[in-house]
Amino acid sequence: LSPQIQLSHNQQNILQSLKKLPSWSTSLLYWVTGSGKTQIYIKLIQEVITSWWQALLLIPEIILTSQIGEKLQKYFWKDIIFIHSHISPLKKIQYYRDIASGDAQIIIWTRSALFYPYHSLKYIIIDEEHDKSYISDTSPRYHTKTLALKMSEIYRSSLLLWSWTPNLDSLYRWLQGEYHFFQLLESYKK
């Protein structure tokens with residue numbers, strides 16, 4: 001059995017608010033270190049698993065894949081696809097098929113995961129959305145958030161931007177009423 005997560009009152013309120021938002025909405029979550037943002041996306045991903053949707057978790061650097069992966073595997077075991085540079089071409093082809101068919105429900109990778117075809121994408125989560133590695137300065141040149149916004153429109157999925165230092169564009173869009181805004185400011189106690 002996977003471990004149970006107890007959410008704080010604020011975490012529970014954020015989770016419920018995110019679930020009530022219409023699809024194709026964008027939310028910005030501002031958090032402080034140790035506030036338990038990972039627990040919120042674990043709960044969102046649990047919903048994905050039970051409803052046969054898909055969740056894409058983008059991380060800024062490949063080195064973080066194993067750290068985040070270890071945390072998530074405690075909850076989801078084999079239901080996670082970690083894509084990184086050490087995967088064989090044959091395995092990447094299998095992942096491609098699994099993602100396109102919907103057999104893969106939880107996908108963790110860097111920005112290039114946006115180029116895979118998804119079957120039923122419910123959430124696109126960009127962890128540490130402020131990180132400069134989300135901007136591709138080699139061909140093809142693109143900004144991950146811009147591409148993710150378009151994907152959320154195409155797939156009618158929710159885009160969740162998580163950051164402890166949100167970029168000015170995201171804050172501006174929140175102030176303009178384009179993004180929903182949430183804060184996690186207290187320490188999470190397990």
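**Entry 1: helix H1**

I note that the expected span of a helix is 1.5 Å times one less than its number of residues. The model I am reading is a predicted one. I looked up helix H1, residues 9-20, and found 12 residues. From its first C-alpha to its last, H1 reaches 17 Å, close to the 16 Å expected.

I then asked which residues of H1 are buried. They are Gln11, Ile14, Leu15 and Leu18. Seen down the axis of H1, these buried residues fall within an arc of 100 degrees, so they line one face of the helix. I recall that an α-helix has 3.6 residues a turn, so residues three or four places apart point the same way. On the face of H1 turned away from the buried side, I found the exposed residues His9 and Lys20.

**Entry 2: the partners of H1**

Against what do the buried residues of H1 pack? I listed strand E1 (26-31), helix H2 (37-51), strand E8 (158-163) and strand E9 (180-184).

I recorded the crossing of H1 and H2 as right-handed. On the H1 side, Gln11, Ile14, Leu15, Leu18 and Lys19 take part in the meeting. On the H2 side, I noted Gln39, Ile40, Lys43, Leu44 and Glu47.

**Entry 3: Ser157**

I found Ser157 in the loop between helix H5 (144-155) and E8. Is Ser157 buried or exposed? Its relative accessibility is 0%, so Ser157 counts as buried. Leaving aside neighbours within four places in sequence, I found Ser157 in contact with several residues, including Ser23, Trp24, Ser25, Tyr123 and Met151.

**Entry 4: Leu58**

I located Leu58 in strand E2, residues 54-58. Leu58 counts as buried because its relative accessibility is 0%, and buried means under 20%. Leu58 and Ile124 are 66 residues apart in sequence, yet I found them 7.5 Å apart in space, C-alpha to C-alpha. Ile124 is also among the contacts of Leu58 beyond four places in sequence, as are Trp109, Leu114, Ile126 and Tyr134.

**Entry 5: Tyr75**

I placed Tyr75 in helix H3, residues 63-76. At 17% relative accessibility, Tyr75 counts as buried. How far apart in space are Tyr75 and Ile42? I read 7.8 Å from C-alpha to C-alpha, with the two 33 residues apart in sequence.

Methods. Residues numbered from 1 in each chain as written. Predicted model: local features only at pLDDT ≥ 70, side-chain atom pairs only at ≥ 80, totals over all residues. Heavy atoms only, no water. Helix = DSSP H or I, 4+ residues; strand = E, 2+ residues; numbered from the N terminus. Buried < 20%, exposed > 50% of the residue type's maximum accessible area, 1.4 Å probe, protein only. Arc of directions from axis to C-beta. Contact = heavy atoms within 4.5 Å. Left-handed = near helix turned anticlockwise from the far one by under 90°.
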